Amino acid sequence: MPDTTPDTSTVLPALPAPSAQAERLIELGVHEIAGLSADEVRAFAAETAGEGALLAVHPDRAPASALAPLLRREGKPGFVVVDMPDVDAFTPCAVELPDAPLYVVTGVDRGDHMANWSPEEVLPALTKEDRTPLLLTEGIHWVLQEPAVLERNRCFMTIGSRLRKPNGSLDARTPAIWISNGTGRDGRERRNAPKVGWCWWNNRHTWLGFASTTGRSS
């Protein structure tokens with residue numbers, strides 16, 4: 001098992017107030033993707049209390065393929081890697097979502113102290129801490145609201161989203177959000193752009209933490 005000493009070298013910026021997050025979603029047109037009115041988003045935010053609460057749209061309403069291009073870093077839009085055309089088939093796995101178009105994710109953590117762990121090693125550790133891994137869409141929402149949480153060498157996986165194969169087994173790919181180096185099929189023009197990709201279930205990466213939450217509510 002990798003070193004479990006918490007990494008406290010980076011203090012992440014606090015999330016904006018729920019009302020500001022609502023305006024950000026509306027500005028980006030996320031409400032239209034989700035089939036919601038701007039007033040519905042604002043009303044939900046007005047009822048949301050609690051510091052550090054992240055507003056999220058249910059992935060059935062706003063899938064990762066629609067949200068990823070809204071990400072920005074150094075003026076460059078986010079993208080999904082070309083070998084993940086089935087990104088929206090990565091659905092919640094062992095994660096209970098509120099039955100609502102909008103919900104709140106609390107206690108979000110990037111999981112820097114779990115960098116260089118494999119997803120297989122992380123999942124039981126999170127369970128012991130009464131935490132669950134973020135979905136890919138939740139991770140995108142987090143970066144949309146606070147782009148600074150995505151840093152070089154401190155990016156994160158979102159292993160709450162998994163792809164189940166027709167035979168019932170889980171695909172070995174696990175989603176992550178990081179920053180493109182502009183190499184290979186990404187294309188040089190995408191260097192430093194936010195990137196939705198994947199890593200293997202049993203692999204470790206020193207630069208990938210594991211984003212998680214203490215809970216979700218509507």
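Student: Why does Glu 121 count as buried?

Tutor: The model is predicted, local features need pLDDT of at least 70, side-chain atom pairs count only at pLDDT 80 or more, and totals for chains, interfaces and linings use all residues. Residues are numbered from 1 along each chain as its sequence is written, and side-chain values use heavy atoms, leaving out hydrogens and water. Buried means under 20% relative accessible area, exposed over 50%, partly exposed in between (1.4 Å probe, protein chains only). Glu 121 has 17% relative accessibility, so Glu 121 counts as buried.

Student: What makes Arg 204 partly exposed?

Tutor: Its relative accessible area is 42%.

Student: Why is the pair said to tie parts together?

Tutor: Arg 204 lies in the loop between β11 (194–200) and β12 (208–210), and Glu 121 lies in helix α5 (residues 119–128), so the pair ties together parts that are 83 residues apart in sequence. Helices (H or I, at least four residues) and strands (E, at least two) are DSSP runs, numbered from the N terminus.

Student: Why is Glu 74 called exposed?

Tutor: Its relative accessibility is 58%, and exposed means over 50%, so Glu 74 counts as exposed.
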